Amino acid sequence: MTPMTRATAVVTALAAALALTACSSKAKSDNDSDNGGGDAKGVKTGDGISGKTITLGALTDMTGVYATLGKSVTQAQQLYVKQVNAAGGICGHRLKLQVRDHGYDPQKAVAAYTELEPDVLGYAQFIGSPFVAAVKDRVDGQDKGLVLPQAWSANLLGSPYVRVIGSTYDIETINAIDFLMKEKGLKKGDKLGHVYFEGDYGENALKGSRHMAEKSGLSVVEQKIKPTDNDMTAQVAALKKAGVDAVVISAGPRQAASLVGVAAATKLDVPVIGNNSAFAPQLLGTQAGPALTKNYYVASPTLPIGAATPAAKKLVADYRKAHPKDALDNGVVAGWTAASVFGEALKKACAAKDLTREGVDKALLTIDAYDAGFGARQNFTDPKAPSSKETAILKPDKSATGGMTVEREPGASKEARAYTPGS
Amino acid sequence: MSEVPVSETRSPSGRRHPKRPRRLMPPRRLMRPRAVKRPSGRVAARTFLKRPRAYAWAAGSVLLLALPFYLDRFWLQAGLFAMAAAIGAIGINLLTGATGQLSMGHAFFLAVGAYGYCVFAGEGDGLTGLGLPTWLAAVLAVLLAGAAGGLFSPIAGRLRGAYLGIATLALIFIGQHVLFNAGDLTGGSNGRAVPPLSLFGLTFDDREVVVAAVPFGSAEKLWYAGLVLLLGCGLFARGVLRGRPGRALNAIRDHRVAAGVLGVPVARYRAGVFVLSSMYAGLAGVLLALVFQRTVPDYFGMTLSLEYLAMIVIGGLGSVAGAVAGAFLVSLLPQLLTRYSEALHLVSAPGTGGIAPGEASRYLYGAAVVAVVLFLPGGLISVAARRPRSIPGEEA
């Protein structure tokens, strides 16, 4: 073959390849410029709705570090979908939850987002704030589907499509310190210990305690830890040496149990309060159990699963029936709340006869006082603010459902009301 | 460690060795030292075109070039992850496979490349950024990774095998600490946005460019960039491995003292290959960052380093094709298993109890690694290498 014929062969091959693309399903033809459609009742539909089914995505973590949370959130959302479908669906459409487990691996999380994106209306669950941040530009720029992350970092605020449900960690911490000051004798000039995880969660919570310390004349003794640190002996020793009068912990359940247990053993008798991720009902069965029931409190954006509201009681009964072996924790509440917020937005969008992504986004912006049955009112009208600034204070209690009772009803302190996240 | 038969060490001392072949893909038998008189280029090309392998290459290339016109973004993205992984794997294969130097710090150099690119190219997002043209930033990021490798080379040149592995382990921990805490530079735990690459007026971002009626987003455009980079990296590494440096590296791996006696400057070669491998990792990091569109510190941990080691063990130590094959298997398998978890009946739907798809994909991945190590000790590439061939072990 001479160079000439070789060149011809190459050109022919390229031409053939380009000709073939004429039948590619990706090719844009003239008549699908408007890919929206409508159903019999004149409701506009778009991505994520095919026939009579609305598909929602759930990017969860069932095999990684947030496995317990992911499992509870997902099972609660599946329960919600099942109940909605049993009651006839929304707008005459059935809901379908498409779940992908990313195991807290950035590559899998981004891949799963990309995979589901063309087929879903939005995401009712997205665990892992770094991954939400990774796709945020795409959500804002092109996809424009609603994403409800199961992460409460203020860094996620500001997008009209990525909406944090409930108070963010900084606001939660402000309310937690407010509780310590009003009810646990912490006063101006006192020292407050703050043990926090390196990373988004801990650092966001620390912003809250620094802000509150400045406003209320406290000084913060900071102790940064890594998620792999499980023994808090060194931190307790440091806090004791500094002479703290109360401790905030923004870490995981294990660290909280270790901190409270070690503090009790070394006679550091001060109140300890944790963010909502710093407790699991299983802890009460451990050696740290008695110390936890005595000195430990948990700040939470909603009432606990064992609350006395009718919605909570029904959810407990239904969830127990569906998953008799699984623990009832706050993940169930978070998952249920997110799914029902999405459902509420869908209902509003249906009333406005627009079930496209745009329609659902608009519908969510009109929801200003939604209560999924767990005490806190959610207001979604401002994308720059979290949907609520209220925090409930809970106390571990072995006999209660889900291991927690309400110490103080949901409410926002005056500092929290005046606080703007991200400032 | 000796995956390659000793034919390599039989070759004469470096000085009188034939020069590295200049052509792109010389017939294998032309690689025989000195004895064969080289035919002219035209003849070589003719022999080349007579072989079915040439047509397989041509068909493969056309297929790869056409894929962006058909595949979804998911597949293109998965392919791009695999290409980036392949570049990184080629790099670590030069170090671990060809030279026998174990490195656990590959993820660190990937991070240097990825974050280096962001810092050089980034501008106006509240973080430190130099705002350089993005192509320059990409080149500088690769050089930066090389420089980081160079800084480590006094250690890399002196330590061998598992000892270097332990030393490089430190890099991972230092790297993670810096990534999480140097907030102004790295954006902390939420990472920082990656500016899209711009080359000759073409920007690899999500603005749609319609080519032959197919809208091209970032994944489609990057696909071609990835192919070019992978091809370039593959050919360069192949050249290194087949030429004099490659023989020196293999000699160091197989018998360090003998290599030294033959006149190979052992420490210098070790340090040099460490720098080269870091630059490959840096380039892989840049490409990964461009695909992710955001760099997150969680990614560049211990697991990533282990994955790269798994890639070269599965693919085949010391060969470029092996590294590429291993990289594709290791980075695609988990994604495929997650995607098709519902169709595979051995797993239950997420949330219903039983084995979750994520777990199942890990089991299968583990089983694949064990199976390859048990039944294909030379890696995937040994399947291809079983065909009769004049010089065994020349596969590179």
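Helix α5 (residues 169-183) of chain A lies across β8, β10 (246-250), β11 (272-274), β12 (296-300), β13 (391-396) and β14 of chain A, at about 160° to β10(A). Angles run from 0 to 180 degrees between N-to-C directions of axes fitted to C-alpha atoms, for helices over the stretch in contact. Helices (H or I, at least four residues) and strands (E, at least two) are DSSP runs numbered from the N terminus. This is a predicted model, in which local features need pLDDT of at least 70, side-chain atom pairs count only at pLDDT 80 or more, and totals for chains, interfaces and linings use all residues. Residues are numbered from 1 along each chain as its sequence is written, with chains lettered from A and ligands numbered from 1 in the order in which they are written.

- The open, mixed sheet of chain A has 7 strands in the order β9-β8-β10-β11-β12-β13-β14.
- β9 (219-225) and β14 (404-411) of chain A are at the edges with a single partner strand each, so one side of each lacks a neighbour in the sheet.
- Strand β8 (residues 191-197) of chain A pairs with β9(A) in the parallel sense over 7 bridges; pairing requires at least two DSSP bridges.
- Helix α6 (residues 200-216) of chain A lies across β8, β9 and β10 of chain A, at about 165° to β8(A).

**Domains**
- Chain A is divided into domain 1 (44-167 + 305-388) and domain 2 (169-300 + 406-418), with bounds from an automatic or database domain assignment.
- Their C-alpha centres lie 29 Å apart.

**Confidence**
- Chain A averages a pLDDT (the predictor's confidence in each residue, from 0 to 100) of 82, and 90% of the residues score at least 70.

Technical notes: Contact = placed C-beta atoms within 7 Å.
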